[in-house]
Structures are given as structure tokens and as C-alpha cells.
Amino acid sequence: MKKKVVLAYSGGLDTSYCVVYLTRELNLEVHSVLVNTGGFTEDELKQVEERAYAMGVTSHHTVDESENYYESSIKYLIFGNVLKNATYPLSVSAERVSQATAIAKYVQEIDADYVAHGSTGAGNDQVRFDMIFNILIPEVQIITPIRDMKLSREEEIAYLQQQGIELNAEKAKYSINKGIWGTSVGGKETLTSDQTLPEEAWPTPVTATEKKTVRIDFKNGEPMALDGEQLKPVALIQKLQEIAQPYGIGRDIHVGDTIIGIKGRVGFEAAAPIIIIKAHHTLEKHTLTKWQLSWKDQLASFYGNWLHEGQFHDPVMRDIEAFFTSSQQFVNGTVTVELNPYRFHIVGVQSENDLMSNKFGSYGEMNNAWTGEDVKGFSKIFGNQVMIWHKVNKGGQQ
């Protein structure tokens, strides 16, 4: 009787190779699982399933993780305005954590002997998958053909062709991962420091040219309505993505430090995440105090880095999420955003919780809460200790 292996499957080149290798070379019973984190249409999911069976899997299973992915991860990335290295919305980082967790649960459901993934030996995904499997299903052996044999994409393509597997070699030049929080694009250009991705590598062509204004309503920090239409956050993100991505907004190449200690580049398109984070951050600047903003920035930096490195299951993450949630109580209002080809900007906010209220004064013009004499005394006291330091130390001169 063949032993069972659960394969984290996307339908791309790496996981297609894994199906053929695991079935034909290792003689295993392969059960492929696609964890949909909001990046696939029904037609695409059907095509992936058909491809999996054509490759030789015993069973194929799709797990819709979109809502849970939002509730357990994306929501807190919004609350924290998390952009890795001030650029990347953790499109793949957070997604992989959600996928690995769902895969581990499925391994337990069908009592598989092995779990497999198609990560290479040069990226972050291998650590994320391995570590989460080791945390949640430590008794299950992990198989990683691409990593173990140090295969290049060209070698994978050649092997599949030898096995009689037809594929679009031109399309296989780029590794594309789609999810609700953005789509990553990797290719030969991202392996260099001086090249950028060509237009044909981006999944979404730039077709929108006319200026457009959208309004995003936030309730307790969560996006809840788009242009006045009440939507669940997942549906709102998907709809905003459909509207904004054709403008080329949110396209960029992220350069970062990988978990394994080398520099890496990846292209991504993430119009909705970038817009939502910027809109949310702007609303927070109107509704939170300066020390709320300051501590949120510090915790968000740690939270994003730790999530990026796959440490979602560390209990400290729940502690930080509790702080984030508490901070969002009065982050309510509407943010207006103007979209243009390759750029966007925040027009302004409307909020009942706006601390920039003219009832208390107008910055640079007038105030209603204190007198000029109050400011004179405050300024003298506020700088008193620094004044003493300069007196004692003669201005810092030796």
C-alpha cells in the first residue's frame, strides 16, 4: 500500500514538478491541496484542479482560507500599517503562514505520512513552511524535491518535458503567487540588482487612464464600505483591487533581507493593500494621539518582521494584536483617494473622531484653549533641563 503525502499545490512550475516526481520517482500517493487566500477565480481553481489530476494526483482539495486569512492576519497588517522596509505589504509572507497552517491541519485530517512543498533552497518560503510544520505536525516528515536537488527552473521544465508533460515554457519563466493581499512576481530580472520586470511579466496590464476618486469607510480600523457600498473586508479588498490595479498602482520591487541571511528581490502588484494602508494611516493621524501612533509604529515594525519570518504562532503576536485592536476603537471615518496612472494620493478624511478640530484651534493661525502667556511659561519649563545642561557644560564645548 502506497504511503500518503500531502502536497502544498499551486499549479505552478515548482509544484507541478513535485507532483510528477513524488508519484513517478518516489511512488507516493499524492494528495494535492490548494489553499486559496483570495487570489483565484472559480475558473482558475477549476483549471488548477484539472491540471493536478492530469499530473497524477490521487486527490485534489481546495481550502478557501480567504476570510480566515483576513481575520487572523490581514486585519492586523492594516491596523499596524505594515509595510516591510517601507515598501512591501507582506503579500506572500503573510499568505504563506496562512497556507502552511491550513496544510498542516489537512495533513492531520487525512493522516498523511508525509507533507511536501515546492520551495527552493534560496528563499524564505522553505523556512516558513518547514517551521510551521515542525510546530504543528512535528511527527510528519517533510519532503522538498526542488530544494533537495537544487533544481533551476530550466531543469524543472526540461524534466517535465521528458516526462511528456506539456506546459507553457514562456509563461513558466516567471513565478507568480496570487493572493488577496497582493501578487508577487519573480523572474530572472529579480535575481539581479540592476534590472526591472518587463511589462509582460506583470499579471495586470495598465489599461486605466482616467482620473478616478474612491471613498473608503473605516469602522474601528477595518475597511467596511467602498464608495458608500457596505462590503465585508475581503470583498472590499477584492473590489478595490479590480478598480485600482489597472492603473498600475502598487507595482514595485521589494529588496529585503531574507530569513536565511541573504538579500532578495521580488516584484509585486498590490494596489488595494497599498491604498488601504495609506488611507488607514492617514485616518489614524487624525484620530490617534502622538504616543498611540509612536508605540504602534514600533510594535508594527516588530510584528511585520516576525510575521515575515514565519513566526505567526509565537504568542507575543497575540499580545501585539491585542494592543492593535485596542488602538482602533476610534479609528472611524471616510477617506477619499484619487487614482491616476501609476500613482494615487489621499484627498482628505471625514471623521467624527477627528482630533484636528477647529473647536480647539487652527494650527498656525489661532487657538481657543490657552493664552500667549500660557505658552511663554510652558516653553520655559519644557526646555528647562536642556537649558541647564547647556549652562553647566558651556553648550557642549570642551
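Select β9 and β10 to start: they make a hairpin with 2 residues between the strands, and Asp227 in the turn has a positive phi of about 55°. Strands here (E, at least two residues) and helices (H or I, at least four) are DSSP runs, numbered from the N terminus. This is a predicted model, where local features need pLDDT of at least 70 and side-chain atom pairs count only at pLDDT 80 or more, while totals for chains, interfaces and linings use all residues. Residues are numbered from 1 along each chain as its sequence is written, and side-chain values use heavy atoms, with hydrogens and water left out.

**Stop 1: along the sheet**

β9 and β10 run antiparallel and are joined by 2 bridges; two strands count as paired if DSSP finds at least two bridges between them. Click Ala225 and you'll find Gln230 of β10 standing opposite.

Lys219 sits opposite Glu222 in β9. These strands also form a hairpin with 2 residues between them, and there Asn220 takes a positive phi near 50°.

Next, bring in β13 (residues 333-340). It is antiparallel to β8 (residues 212-219), and 7 bridges hold the two together. For one of these, pick Thr213: its bridge partner in β13 is Glu338.

Which order do the strands of the open sheet follow? Show all 5 and read across: β10-β9-β8-β13-β14, with antiparallel pairing. The edge strands, each pairing on one side only, are β10 (229-230) and β14 (343-350).

How many of β9's 5 residues are buried? The count is 4, so to speak a mostly covered strand; buried means under 20% relative accessible area, exposed over 50%, and partly exposed in between (1.4 Å probe, protein chains only). Select helix α8 (residues 233-244) too: it lies across β8, β9 (222-226), β10 and β13, running at about 60° to β9. For that angle, axes are lines fitted to C-alpha atoms, for helices over the stretch in contact, and angles run from 0 to 180 degrees between N-to-C directions.

**Stop 2: the rings**

The structure holds 8 aromatic pairs. Rings of Phe, Tyr and Trp (its six-membered ring) pair if their centres lie within 6.5 Å; planes under 30 degrees apart are stacked, over 60 edge-to-face, and the rest tilted. Pick Tyr17 and Tyr159: their ring centres are 4.7 Å apart and the planes meet at 50°, so this pair is tilted. Tyr17 belongs to helix α1 (residues 13-25) and Tyr159 to helix α7 (residues 153-162), so the pair links parts of the chain 142 residues apart. Both Tyr17 and Tyr159 are buried.

Then jump to Phe312. Arg318 lies over the face of its ring, 4.4 Å from the centre (a charge sits over a ring if NZ of Lys or CZ of Arg is within 6 Å of the ring centre and within 35 degrees of the ring normal).

**Stop 3: Thr190**

Find Thr190 in the loop between β7 (182-186) and β8. Is it buried or exposed? Thr190 counts as buried, because its relative accessibility is 7%. Its side chain reaches the backbone oxygen of Gly187 at 2.8 Å. Leaving out residues up to four places away in sequence, Thr190 touches Val185, Leu197, Arg265, Val266 and Gly267, where contact means heavy atoms within 4.5 Å.

Notes. Polar contact = N/O pair within 3.5 Å; in protein donor to acceptor, adjacent residues only side chain to side chain.
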